[in-house]
Amino acid sequence: NLNWSKLNTSNIKSRALLKRKNAIPSKVQYDPWKTITGRLATTPNSFPILTINKESRSIIRPQNDLFLELDYNSAELRTAFGLLKLDQPTIDIHDWISEKVFEGKFTREKSKEKTFAWLYNAKASNKKLEKIFDKQKILDYHYDGNCVNTIYNRNIEVDEKKALNYIIQSTTSDLVLTQAMKINKLIEKSFIAFVVHDSIVIDVDRSDQGKLNEIIDVFSNTDFGRFKTNVALGKNFGNMRK
């Protein structure tokens with residue numbers, strides 16, 4: 001449900017989108033085979049939901065009453081916690097790492113930067129992070145030196161340099177889709193409008209209002225424990241409120 005009159009044309013990318021208005025489909029069509037990890041991509045004939053800039057999202061409106069967006073707090077790091085069978089932090093994971101690992105020496109953003117720079121760099125070393133995250137343990141269990149094997153039975157041929165990245169990204173993507181399928185069985189007149197990376201957006205009908213807490217609970221309770229979930233509601237995708 002697109003309302004082009006809501007487009008913020010002060011933005012360059014939004015103006016470029018408006019020029020293509022008549023050529024842009026109004027449906028989201030995914031290609032589940034386009035990426036090697038299984039992370040969703042869209043077909044050339046799809047509305048560009050994965051790449052549309054934030055300033056243009058306000059044109060996307062629900063067909064029912066509201067959009068409900070469920071988004072994991074640092075999904076990939078929580079997947080790493082899960083693969084290592086560690087308890088999930090109940091607070092923001094970067095705040096947790098900043099406090100527990102770096103002993104408050106860095107801001108949340110600096111802690112986040114250091115964590116990801118280390119996590120996906122096979123040659124990087126950080127003794128403090130390595131006390132919490134045993135990257136080699138994940139590789140030993142899910143990588144045979146030639147192929148990554150995830151808990152969702154996805155087998156991906158990859159070199160050692162990219163192996164950990166593929167394990168975590170592929171597992172996270174399949175985890176999100178698994179939770180989306182659970183929610184799909186739970187809702188009735190509402191429906192999943194689209195999936196954007198680690199979040200799902202539900203087009204909520206008023207009749208499902210009483211199920212909102214259950215929907216959030218189902219999304220949060222994953223195969224790797226309970227993930228902290230960010231929840232937002234809005235009358236359009238560009239103006240979602242936590």
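Helices (H or I, at least four residues) and strands (E, at least two) are taken here as DSSP runs, numbered from the N terminus. The model is predicted, so local features need pLDDT of at least 70 and side-chain atom pairs count only at pLDDT 80 or more, while totals for chains, interfaces and linings use all residues. Residues are numbered from 1 along each chain as its sequence is written, and side-chain values use heavy atoms, with hydrogens and water left out.

Now to the pockets. On a 1 Å grid over the protein atoms alone, a pocket is an open set of points where a 1.4 Å probe fits, with protein on both sides within 12 Å along at least five of seven lines; lining residues have an atom within 4 Å of a point. Volume is the space filled by probe spheres set on the points, which are joined across faces, edges and corners.

The largest pocket holds about 770 Å³ of space. Of its 26 lining residues, Glu-69, Asp-71, Tyr-72, Ser-199 and Asn-230 sit nearest the centre. Strand 3 (66–72), helix 2 (75–83), helix 4 (108–119) and strand 10 (229–234) each put at least two residues into this lining.

The second largest pocket comes in at about 250 Å³. It is lined by 17 residues, with Asn-1, Ser-26, Gln-63, Ala-193 and Phe-194 nearest its centre. Strand 6 (residues 191–196) gives the largest share of that lining, 4 residues.
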